Amino acid sequence: MFSTIKQFKHMHLIHNHLSDMVFLVSVQDYNTFCYIDANKSAIENLPLPADFIGKSIQETLPPTEAELIISYYQQALAQRRSLTYEAEFCHTNVKHYFETVVTPVVEEDESCHVIIAIVRDITQRKLKEKALDRTKQELELIFEHAADALFTFDRHGRFIKVNPGFERLLGWTQAELQQDPTISIIPEKDRDEQEWILSRLEKGEVIYNNQSERLTKEGRIVHILSSYSPIIDDGELIAGVALYKDITELKKMENELMESEARYRLIADNTSDLIRVVSAQGVTLYASPSHKKILGVDPEFYINKSFLTFAHPDDMFLLEEMLATILRTKAPYSVEFRRLNKHQKSLWMEARGNPILGDDGEVHTVVFISRDIQEQKEREAHMKHVALHDPLTDLPNRRLFEEQLSEAMKQSQRTGGRIAVFFIDCDHFKEINDSYGHGVGDQVIQLFAERLRKAIREGDVVSRVGGDEFQVLLTSVKSRESVLAIARRMIKSMREPLVVEGHVLRLTASIGISFYKRGLKSEADFLAEADQALYVAKSKGRNCFSVYSDKYQSGPWQQLKKLVSRKQKPQD
């Protein structure tokens, strides 16, 4: 025993520098354990009495805690080996979680007179685990109740779990899929698709909106729009998540439309496509008559000239790369580019180059067929604009605003420049809606937005995030006063009465302001500060602005926010 104690002679030199709590406990008998020593971390972090050294566990701790600890000590003694256990204790009404490793010091004669207990506070870890469990439960609810088919699969493409939406769409239950791993929902002709999906997921790529065909349990083909996301661990694919949306009816309508259009495509192709024959050196040998109709230039003009003639300067490299690829691969190649017409106006074209091989197996000429896709490009640009703008005011919506804010914050991080955000409410807007109807209300929002737009500088952003709520992003802020001047200009701009459908209306605005300069503040915190400042402006009677201050995080200001929010519910 004394030889063992001697081994711990210099324990204080070591264990007082450990973050874990270390106890040296003597074994008096099977039921009695006394504290011999404890390190600094144990003394500072646990509510132990000052004179606990030399006392038994029963004398030191509350009965319930003492009984639990002694039971684990007794197990370690009985087994003559270390054991680890977790326990929770409540001190000053705060629950703490601890992980303890109990190690009996066994002598050569199998006797044990000393136990070493190393205790680690795992409260934060346990709280994170519980939060993770809650998130898992929430995701499980989404998984089980989603209308679309959702399922997970392993790195080999084998099913792990499917939701009820999967069974509704494809007919297979999870039990059936697990009992028979050979079941495939991919038609025979598309079996290579699974390898393509898995290869992309292994690279960490996410696959969006992939149109495919799938096979139901009854052997029926359904058309789906699929998305796949990888689950990566230590750089390796361990599983994947898939979402299937049934587009069978949409595909049927599309096919019917395509069949209808096909009857007229032969004629349309011969009158609307630009056809050129180009040598391997890039010289135009033939140009179709349609060049005159579409570009306003006689086809003879292009003969013996570079195939880049009248291509947009910024897109010439695309055509050069296209020809080089066709010559190298001897395979067709497509590209979208802009071509200039007679008036130097650019038109979007989709070109497909088909190689013509000579007797020597090399590419001698290339047939380029170009189709006018200007309307398609304009439609895509319009759809993108619609997706990122408010339909009523044509201002950027929340999504676009957040993208611009994120970019502005990154720029601020790089340059140290200052930016500011406004949260703006149109005061008492609900009263206008209730009194004069939504038609008048919509016009008021449009006029309100226009006044905000006129009050900012070029390069600043006004966004409508919903209802009567607006956000403003000010970049390249030179001074605090310049920002406040814009806020004053906005409030002043509302003084002029509005006349809408014969009604004379007076508007005011409440504005919350937050500043950002290179630092650790997150985007969410930045916006939350402007929101806090807005509530303060409202509490002051509206028709004013307030700049965020750290004092808004204090209890009284938080109570004020709740009070203002509660009062606003019947009105705003």
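**Note on the predicted model: strands, cores and salt bridges**

1. Arg464 stands opposite Phe470 in β18, and five bridges join strand β17 (residues 461–466) to β18 in an antiparallel run; strands are DSSP runs of E of at least two residues and helices runs of H or I of at least four, numbered from the N terminus, and two strands pair if DSSP finds at least two bridges between them. In the hairpin of β17 and β18, two residues stand between the strands, and Gly467 takes a positive phi near 55°.

2. This is a predicted model, in which local features need pLDDT of at least 70 and side-chain atom pairs count only at pLDDT 80 or more, while totals for chains, interfaces and linings use all residues. Residues are numbered from 1 along each chain as its sequence is written, and side-chain values use heavy atoms, with hydrogens and water left out.

3. Strand β18 (residues 469–477) also pairs with strand β16 (residues 418–426), in the antiparallel sense and over seven bridges, with Leu474 of β18 as the bridge partner of Ala420.

4. The largest nonpolar core has 36 residues, and those that touch the most other members are Phe422, Ile424, Val444, Phe448, Phe470, Met490 and Ile513. Such a core is a set of buried Ala, Val, Leu, Ile, Met, Phe, Trp, Tyr and Cys residues joined through side-chain atoms within 4.5 Å, where buried means under 20% relative accessible area, exposed over 50% and partly exposed in between (1.4 Å probe, protein chains only). Elements that each supply at least two residues of this core include β16, α16 (438–455) and β18, and α16 gives the most, with seven residues.

5. Not counting residues up to four places away in sequence, Met490 touches Phe422, Ile424, Leu452, Ala455, Ile456, Val472 and Ile511, contact meaning heavy atoms within 4.5 Å. Apart from the core described above lies another, of 29 residues, among them Ala38, Phe52, Ile57 and Ala66.

6. The side chains of Lys126 and Glu86 meet in a salt bridge at 3.1 Å, N to O, the term meaning a side-chain nitrogen of Lys or Arg within 4 Å of a carboxyl oxygen of Asp or Glu. This pair links distant parts of the chain, 40 residues apart, with Lys126 in helix α6 (residues 123–145) and Glu86 in strand β3 (residues 83–91). Lys126 counts as buried at 17% relative accessibility, whereas Glu86, at 39%, counts as partly exposed.

7. A second salt bridge joins the side chains of Arg214 and Glu193 (3.2 Å, N to O). Arg214 lies in strand β8 (residues 207–215) and Glu193 in helix α9 (residues 192–202), so the pair ties together parts 21 residues apart in sequence; both Arg214 and Glu193 are buried.
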